[in-house]
Amino acid sequence: MALFKKRTVGKPGEWFYCLVHHKVEEGPECPAKDRFGPYPTREDAEHAMRNAQERNLEWENDPKWHDKSAPTESAD
């Protein structure tokens with residue numbers, strides 16, 4: 001059994017946005033569960049949270065996510 005986990009090494013030019021530290025990183029500095037990416041440019045990584053908010057709004061308003069024909073749960 002290994003005592004230490006092998007650290008993930010990123011490729012040069014890969015950018016990530018760390019959700020814990022709220023900063024852009026070149027290469028994965030933080031664990032995968034705490035970051036968005038990889039992005040091709042620093043600028044793309046800087047806008048990661050804004051893009052996620054925009055996509056969430058699009059999905060919330062997408063009629064495919066609000067299927068009217070699906071049965072609704074009733075409180076008995």
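Colleague: What does R42 form with E46, and how far apart are the closest N and O atoms?

Modeller: R42 forms a salt bridge with E46, and the closest N and O atoms are 3.4 Å apart; the term asks for a side-chain nitrogen of Lys or Arg within 4 Å of a carboxyl oxygen of Asp or Glu. Please keep in mind that this is a predicted model, in which local features need pLDDT of at least 70 and side-chain atom pairs count only at pLDDT 80 or more, while totals for chains, interfaces and linings use all residues. Residues are numbered from 1 along each chain as its sequence is written, and side-chain values use heavy atoms, with hydrogens and water left out.

Colleague: Where do R42 and E46 sit relative to each other in the helix?

Modeller: They are four residues apart in helix α1 (residues 42–46), so about one helical turn separates them. Helices (H or I, at least four residues) and strands (E, at least two) are DSSP runs, numbered from the N terminus.

Colleague: And is R42 buried, partly exposed or exposed?

Modeller: R42 is partly exposed at 35% relative accessibility, and E46 is partly exposed too, at 42%. Buried means under 20% relative accessible area, exposed over 50% and partly exposed in between (1.4 Å probe, protein chains only).

Colleague: How many salt bridges turn up in the whole structure?

Modeller: The search finds four, and among them is the one between the side chains of E29 and K23, at 3.3 Å from N to O. E29 has a relative accessible area of 40%, so it counts as partly exposed, and K23 is partly exposed as well, with 36%.

Colleague: What about K33, which side chain does it meet?

Modeller: The side chain of K33 meets that of D34 in a salt bridge, again with 3.3 Å from N to O. K33 is exposed at 69% relative accessibility, whereas D34 is buried, with a relative accessible area of 15%.

Colleague: Changing topic to strand β1, which way do its side chains point?

Modeller: In strand β1 (residues 15–18), W15 and Y17 point one way while F16 and C18 point the other way, and all of them are buried. In a regular strand the side chains alternate between the two faces of the sheet.

Colleague: In which sense does β1 pair with β2, and over how many bridges?

Modeller: β1 and β2 pair in the antiparallel sense over four bridges, where pairing requires that DSSP finds at least two bridges between two strands. The bridge partner of W15 in β2 is E26, and Y17 stands opposite V24 in that strand. The two strands form a hairpin with four residues between them, and H22 in the turn has a positive phi of about 55 degrees.

Colleague: How many bridges link β1 to β3?

Modeller: Three, also in the antiparallel sense, and here Y17 stands opposite F36.

Colleague: Back to F16, what sits over its ring?

Modeller: The charged end of R35 does, 4.7 Å from the ring centre; this counts when NZ of Lys or CZ of Arg is within 6 Å of the ring centre and within 35 degrees of the ring normal.

Colleague: Last one, where is P31 placed?

Modeller: P31 lies in the loop between β2 (23–26) and β3 (35–39), and at 47% relative accessibility it counts as partly exposed. P31 and V20 are 11 residues apart in sequence, and their C-alpha atoms are 9.9 Å apart in space.
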